[in-house]
Amino acid sequence: MKVDVLLGLQWGDEGKGKVVDVLTPRYNVVARFQGGPNAGHTLEFEGQHYVLRSIPSGIFQHNQVNVIGNGVVLDPVLFMEEATDLEKSGVDIKKILKISRKAHLIMPTHRVLDAANERLKGDGKIGTTGKGIGPTYTDKISRNGLRVGDIDNNFNEKYLTAKNRHLALLKALGESPDVSELEARWMQGIDFIKQFDIIDSEFYINKQLAAGKSVLCEGAQGSMLDVDFGSYPFVTSSSTVCAGACTGLGVAPSKVGEVFGIFKAYCTRVGSGPFPTELFDETGAEIRRIGHEYGAVTGRERRCGWIDLVALRYTIMLNGVTQLIMMKSDVLDGFETIKACDAYEVNGLVTRDFPYSIEEGITPVYTEIKGWNTPMSHLTSEDQFPQEFKDYIAFLEEKLGVPITIVSVGPDREQTIIRNMK
């Protein structure tokens, strides 16, 4: 058996949570491999609306095991709140959720450091969610991190060492925070984590594969926010591409099977950073309004624009995508004309390859496509698609070189149309 990987191909917010929920019945295990509580995965079904931050999106199917992998950074307080809310909705979360010993913990002082670092950047700030994600990954890479497995291994001493180090850094930045209240709540979260099955997730995942079990690896954010290949420095702090599933779960590259790449029929971005196809006009505002484009965790307005095929081809290549999943197609139902950026003009030269930097000097080269101008949220099969929408799918498949096997026409799990999926 091999793991299948599901990840975003744009700047995040592509709708990964919904698709994981839809695909979960096909799998025995769903495992989140990177990111932190800055990633909100939204699910809608049976008239209910849920936002998951750290817990895998397979949690609602009840029979599958869900794993928080070692590549995830976990905030005990936010995790406790999220898990408690799920328990109130009837999910027996302690029975079906396992947490990796090697996952790193977000400390109260990480959040303070995050805010202080953003203030220092001034106009050049990244636009982080302020949840301490970056400083936690910084500690991980600099070998100063605190891990879930440390809870049962000389924890108090390790915590104090890390905390004092952070306070010294903050003092050097002119900050003298009182974290006592945050710390008290955080320790409650640590006690809450102890109630879960803490595992060596790398052994668990590989033993499941050896036993013939199927595993779906769930990514957070999007490939254009990858720390190596995204629009650096306006990126997240983890590896959001397919390779991140290997390091974030302890899975060998040879064990990767299908790679599901998710994208919107248009494009969005939250926070700072370059966005070549961003629309500053009424069209962009209309896409935001129809698509309810606001951050699931932060509530921030998402910047909206036309689909960027230059960036998509790039992320398809990086991830080795085998199947494409197009989300929020219904948002474009009322547009007479749709545009797709198929190339960039960079300093007078046209290229279809994604450049080193997209911060300036980029002019999108658009192809105009006739819109379908037909409501699609009620459709239940591919046969019902308007011809213009079929043409749009064919255009994208030709330009991207990968089949689109799932199309979403609304937020509910039932509004998902599967076409020729392997």
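Okay, quick definition before we start: when I say two residues are in contact, I mean they have heavy atoms within 4.5 Å. And keep in mind that this is a predicted model.

So, let's go to Y392. Skip its neighbours within four places in sequence, and Y392 is in contact with A265, I307, M326, I338, I369 and W372. Y392 also turns up in the largest nonpolar core, a set of 56 residues, where Y392 and L396 have the most contacts inside the core. Helix 12, residues 387-400, gives this core its largest share, with 6 residues. There's a second, separate core too, with 32 residues, including I68, V77, F79 and L97.

Now over to helix 5, residues 133-141. Which of its residues are buried? That would be I133, P135, T136, Y137 and D139. Among the elements covering those buried residues are strand 6 (73-74), strand 8 (104-105), helix 4 (108-121) and helix 6 (155-172).

Last stop, cysteines. How many disulfides does the structure hold? The count is 0. Take C246: the closest cysteine sulfur is in C242, and at 6.0 Å that's too far for a bond, because a disulfide here needs the two sulfurs within 2.5 Å. C246 is buried, by the way, with a relative accessible area of 15%.

Notes:
Residues are numbered from 1 along each chain as its sequence is written. This is a predicted model: local features need pLDDT of at least 70, side-chain atom pairs count only at pLDDT 80 or more; totals for chains, interfaces and linings use all residues. Side-chain values use heavy atoms; hydrogens and water are left out. Buried means under 20% relative accessible area, exposed over 50%, partly exposed in between (1.4 Å probe, protein chains only). Helices (H or I, at least four residues) and strands (E, at least two) are DSSP runs, numbered from the N terminus. A nonpolar core is a set of buried Ala, Val, Leu, Ile, Met, Phe, Trp, Tyr and Cys residues joined through side-chain atoms within 4.5 Å.
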